[in-house]
Amino acid sequence: MAAPARAQTRRFGNKVKDAGLAYLFLLPALIVFSVFSYYPLYRLFWYATHTQSRFRNKPASYVGLNQIKASLTSNDFISGLTHSGLYMLYTVPLGLLLGVMLAVSTHRRLKGIKVFQTIFSSTVASSVAVASVVFITLVNPEIGYFKNVPWLSLRNPSTALFAVSLSSVWQNLGLTFIVVLAALQTVPDELIEAATLDGYGAIRRFWRITVPLISPALLFLGIVLVVSALQAFAQIEILTGGGPGGATETLLFKIADPRGIRPLGVRASYSLGLFVLTAVVAGAQYSIMSKRVHYGD
Amino acid sequence: MATDPTVSAANKQVRLNQTADQIVDPLVPAPYDNDKAVQPPRSGFRNVVATTTTYLVLTALSVIVLFPIYMLLLRALSSPLKYISAGQPLYPVSIEWDVFNRAFGQASLGRSMGLSFVVTFVIVIAQLLTAVLAAYAFAFLEFPLKKLAFVLVIGTLLLPIEVTLIANVEIIRKLHLLNSVPGLTFPFLATAIGIFLIRQGFLGIPRDLRDASELDGYGHLRFLFKVAMPMSKAIIGSFIVIAFLGAWNQYVWPRFATDRGAWQTVQVALRTIGSENPGELNLGFAAAIVASLPLLALLIFFQRQIVRGLTAGAVKG
Amino acid sequence: MSAVAFDQVTKKFGDTVAVDEFSLQIADGEFMVLLGPSGCGKSTALRMIAGLEEISSGILTIGERVVNHIPPRERDIAMVFQSYALYPHMSVEKNIESPLVANKRAKVDPIERLRRVHEAAETLGLTEYLARKPGELSGGQRQRVALARAIVRRPEVFLMDEPLSNLDAKLRTQTRLELVDLHRRLGTTFVYVTHDQVEAMTMADRIAVISEGRIQQVGAPQDVYERPANLFVASFIGSPPMNTIEGKLQGATESAPPAVLTAEGSISIGHPGSAVTGSELVLGIRPEHLHVTDPVDTPNALRGTIQNIELLGHERHVVCSVGTTLMTVRQPNDAPPVAIGQAISLQADPSGVHLFDPTSTDRLN
């Protein structure tokens, strides 16, 4: 290769020449992000710090942080937060457990195993709306197959959320199965053989060797499931409409406010609350993932 | 590690002969092959018992997983009122074969499916374009404020549509884009995940190839279309499939970006199809089945891509 | 008592026979090398000893026990894998300790464990790395951790599956010495699999040469080198490989000893063994037993042309075309100079001649 004079005429890595093209290439994405992600964030703050007047033509009045403070400490918000939290509790551990169970059971040499693998990953093809409609056939108080099962009752405020969350658990099976199975398949043959030779029985081998090695994937899944729980809306709207008595209203449901009973400012405050929650989860994910030691490759 | 290629191919053949195929494929780097056994081999009778038990357990699990789908199918085909009065058995009651026709006719399922297709295609193509361009900039170009731009992209992960929902609805409303294709698609024309995925693919292109292209006199655009994209076909394919999945399944945004029945995408329409009349519930169930068909097709024909796309962030290799 | 004995052991994968009626006795304390090209079945044989592959037929004994159906952890063996198979999430210390804690039933008590782990670590020079994780170690260090994990169990048999193949050349030579030394110190039976004949020659007490699932020959390195049992062993062992040429056996006359007549001349040989006069056979001669002379038509030489001269520093290899085959001659540096293209004659030491049957490839003399 020629001498340093080349550095100025290099195409790749040439700061000045590249910049124009780079900005051009980035423009479309950045425009979309600015208009539909960052600008709305600003608007949320604006809405949260202003109350809308009842009358069309009267402008909104600035109320500072009072509305935000009042909204985020209201019972309505706290109940939304609680319901979202419960939804997470219902869907994440169960989802991970079932995913691991299914993946482990099909991670073996057996004739026809592929059929089972296809079956277990099939729910990845369902949307939230479809999963909700599917569960109408199971838990709807009038026509559901399990409508008389007490702990699945959509009429009972203490069990309704759980019943709804099962639709998410079922829907998530496909995803968790696929990811855990892929992770299991990256565990080298020889490592399992070495463990067998060392004397580990099958169960000990699973907990001491396999689980630590797939833990990054499990963590990733955990985060995905948590975020997905935070975004629970369709299943609520389709299965219970928020009832009974608001017992299934998650935070997002209250924000979306399909019945239009909450003022814009309040909903904007809730949205900011959701934003903080999402940021906390993302931050937790980042710190956990980056702490993960990269094992020798 | 050097192995004679013909022999390792022979080895592979030997292993393939003794094991079943797996659904998930080359995510695993060589030399570990895909056929992993969890237990060490056992002999004779114990083996037969173990195998039979495994099959039984797997079948039971499959039944549990498939039961909800079975129910859906059952209820879609059965006459709703007669099914209930028959005590909700596990077999179909008074099958109405025309339920799908009626779903398309009465409930305008065709219109909502069509709208979903249009919206999905627009989103996927737009996301692909914006992601490829942005990923190229991040992977191959140097420019001032590169770090800032990257942070801006990452930042959008904290601002999913659920968080910005009400603000975006107002924006769309003010732009008079409520009940329109632009209204349904604009917020999703670019996605950070797409940019990351494709950037990863681009970064995987060997340095030598870039240098060779440069020596050959390739400009950026030519390099992008003739080298970078073809070499990242796998990741791009996966992204397209995952993007399709995401766009097709959307509920929250289409629900609030439209307020007229004619502008409901199929997911939103599922909420109300068949719900007016208890005797027409099966229309809703049939619609749910139809709404899932494109994704089922994807799962069958593009399994590999789906798996690769889903596991890209989670699993090494 | 033999440490490991294969008695007509066969392994089939579906219809493919990977190991075909292996019969081999490995003596207690011996360093036995299973040598062969990739895919010949040597690794499969090793894995059968370990219990990682089921035996299709035949009897395998370790010590005095028949182990065909005994699970790996009860066989009193330890194995070093080609990729070392270290647990990436455990420290070196925990890795080495692993065999002592893995089996709940056979768990060793903590004080004894500590002692053994440190002993093993010291034997392999790993004491200062005990707290590190495998990802932080070099290839050579990882290999030693794998070895330490193996010796900490004090097994009856050590199994090694191409342990040196992932190391660079220099490290390989060094580690070869260390392994031989380790064997001497421990006195345990080593069963070592490799495709590298240099490793086999330098390390083994005995070599079992394997091809296509069958044992071709078993013997001490020097024996296998000097009296290969068939063409395969002859060409596999020795670098540069043995030269071969086809010819016909001519019986002894009053004036001349027996010779093999080839298209490019004839070569005097010693005793023809079981070869029949007038029969077609393959003659093998190692590069060090060939000599380059001027093309004077002596009766005992092959006619050839020099194609290439490889200078190795301490000697040179002269590659000659003899008819349609190529033959390599090893010469010391002070031999008379030669040039490419030169027409020469090749003379052979009669004592270095090997005769093989062209169809069965078995040794005749």
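In chain C, strands β6 and β7 run parallel to each other, paired over four bridges. The model is predicted.

**The β6–β7 pair**
- Strand β7(C) covers residues 157–161.
- C:Leu159 in β7(C) is the bridge partner of C:Met79.

**The sheet in chain C**
- Six strands of chain C make up an open sheet.
- Their order is β6-β7-β8-β3-β9-β10.
- The pairing in this sheet is mixed.
- β6 (77–80) and β10 (214–219) of chain C are the edge strands.
- Each of these two has a single partner strand, so one side of each lacks a neighbour in the sheet.
- From one strand to the next, the twist averages 20°.

**The helix on the sheet**
- Helix α1 of chain C, residues 42–50, packs on this sheet.
- α1(C) touches β3 (31–35), β6, β7, β8 (189–194) and β9 (206–211) of chain C.
- The direction of α1(C) makes about 145° with that of β7(C).

**Where chains A and C meet**
- Chain A brings 18 residues to the contact, and chain C brings 21 residues.
- On the chain A side, α8 (189–198) and α9 (202–230) each supply at least two residues.
- Which helix gives the largest share of the chain A side? That is α8(A), with seven residues.
- By class, the side of chain A that touches chain C holds 10 nonpolar residues, four polar and four charged.

Terms used
Residues are numbered from 1 along each chain as its sequence is written. Chains are lettered from A and ligands numbered from 1 in the order in which they are written. This is a predicted model: local features need pLDDT of at least 70, side-chain atom pairs count only at pLDDT 80 or more; totals for chains, interfaces and linings use all residues. Two strands pair if DSSP finds at least two bridges between them. Axes are lines fitted to C-alpha atoms, for helices over the stretch in contact, and angles run from 0 to 180 degrees between N-to-C directions. Two residues are in contact if their C-beta atoms, placed from the backbone, lie within 7 Å. Ala, Val, Leu, Ile, Met, Phe, Trp, Tyr, Cys and Pro count as nonpolar, Asp, Glu, Lys and Arg as charged, and the others, Gly among them, as polar.
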